[in-house]
Amino acid sequence: MSVASLLRSAMRVVNRHVAAHLVHQRALSGADAINALRPFYFAVHPDFFGQHPREREVNENSLKRLNGYLENLQKPGTRSVQPTKLTFYVREIKEKEDIQKDVFPPGFRSVSFTLQTKDVLTTVMDVLKSCSLSTEHMKGLKASSESPKSQQPVAGHGNPFYRPIKWDKSYYSFTGFRDPEQELKQAKKVEPTLRWQRSWGVTHRCCQLQSLSRLSQQNPEAVLNLRGHTIIFTDQSGMNASGHVMLGTMDVHHQWTKLFVSLPSYRSLLQQTEWLKERISHVLGGIQVINVERLGPVQPIEEHCSILNTFHKRLLARRLALHPRSLQGLAMTLENDRSSPSLHEMGHFVIPATCEPSRLQTFLQSMAWEARQRIKHRNQLQKEEEEVLLHCLEALALRNLSKEPSVRHNQMIPCCRRLLEERFPLMEGLRVEVSHFYSVMQDGDLCIPWDWQG
């Protein structure tokens, strides 16, 4: 059997797994879109055009524009996206006559089309059809006109406000604020750590680690900038709001290298965000500004800094009468897609970046007691979950028991208790992940919904 036949067989298996997962959802998320577009990526990925630099560059630029189009469709409140014309050189995977062989390199064909779709699913279908690729794995899906509510919009562009002030060390000792220079020195002494944004199997993880290993051997100087950082393998490259380095799994090595080279400027931007957070905390009675990644999509550091800057400017325009430590121990997130402040069930405040300061002050002061109660309840649930999870592991002789980030404490606890009551003997030695659907992963992990039926 030829290599091409093996690759086609592998793609058919991947497509079946993708379809089995996607039928559980009406609307496609960004991660689902990437999975659904794998046959397309396999046909146009720049890595396959190493000997054809012009075609490689065209595909790289078009992929960037396509990814931007998909991101814009997932923003809440987006009614329409500007039509986008794309051109790709598509590899001829099947053996057939190339009708454009006199114009284009052998084995390639040029495809141009304009996207004018209004949802992610329709966009995926249009891309596959425009490139004459199979859509069999997409059958059974229905388009949804609603974007995921958890998506956050991209902040406006512009230089964020930042005034670098080098304070004396006594300032940090007195105020309790963090010394960014000291933290940076400590970070440089620490080895990089790895995280996975999604629940990938062992095979996928090995592929990404091997890719990073090859890059470190080819360009060891650029990889030195990673020292002290946490690396996240995800769907886009850059730095997230927490300062972690994101490596896009669909990007090629030279894109990773460009990111590594630019890490010093990203660290400067991270210092700006820390300074803005400290100033906001000082004005708002000691409340901490946080970024809860597990409750939403990854937020790039540029967007996070822009939101902080917008909010900080609004606070500077008004003098708020908050006691310096009245909100200490509480936390808040900033969002662009909200019109009014709210208190999350987990105990942190969700504040619009454009919230009017006097209204914000009234809301924070009136809800502070309730926020502390919710935090106390959350901590109790977290402790209870840890105890029942450990009991499950031991009583059922499981190899591992975990949950998806979207599964809440009050869902995980009754799920584990029901498992203890049923005590299925066939689960012994399994790796189980509590999710929202039934599935068996490629490397043998068993996924069950939190509200499973016996």
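Visitor: How are helices and strands assigned and numbered here?

Guide: Helices (H or I, at least four residues) and strands (E, at least two) are DSSP runs, numbered from the N terminus. In this structure, glutamate 433 belongs to strand 12, which spans residues 431-435. The model is a predicted one, in which local features need pLDDT of at least 70, side-chain atom pairs count only at pLDDT 80 or more, and totals for chains, interfaces and linings use all residues. Residues are numbered from 1 along each chain as its sequence is written, and side-chain values use heavy atoms, with hydrogens and water left out.

Visitor: Is glutamate 433 buried or exposed?

Guide: Buried means under 20% relative accessible area, exposed over 50%, and partly exposed in between (1.4 Å probe, protein chains only). Glutamate 433 has a relative accessible area of 13%, so this residue is buried.

Visitor: How is a nonpolar core to be read?

Guide: In soluble globular proteins, nonpolar side chains tend to be buried together. A nonpolar core is a set of buried Ala, Val, Leu, Ile, Met, Phe, Trp, Tyr and Cys residues joined through side-chain atoms within 4.5 Å. The largest nonpolar core here has 46 residues, and those with the most contacts inside it include Phe260, Phe311 and Met332. Helix 11 supplies the largest share of this core, seven residues. A second, separate core has 29 residues, among them Ile34, Leu66, Tyr69 and Val120.

Visitor: Which residues are in contact with methionine 332, leaving aside its neighbours within four places in sequence?

Guide: Contact means heavy atoms within 4.5 Å. With those neighbours left aside, methionine 332 is in contact with Leu284, Ile287, Gln288, Val289, Ile290, Phe311, Phe349 and Ile351.
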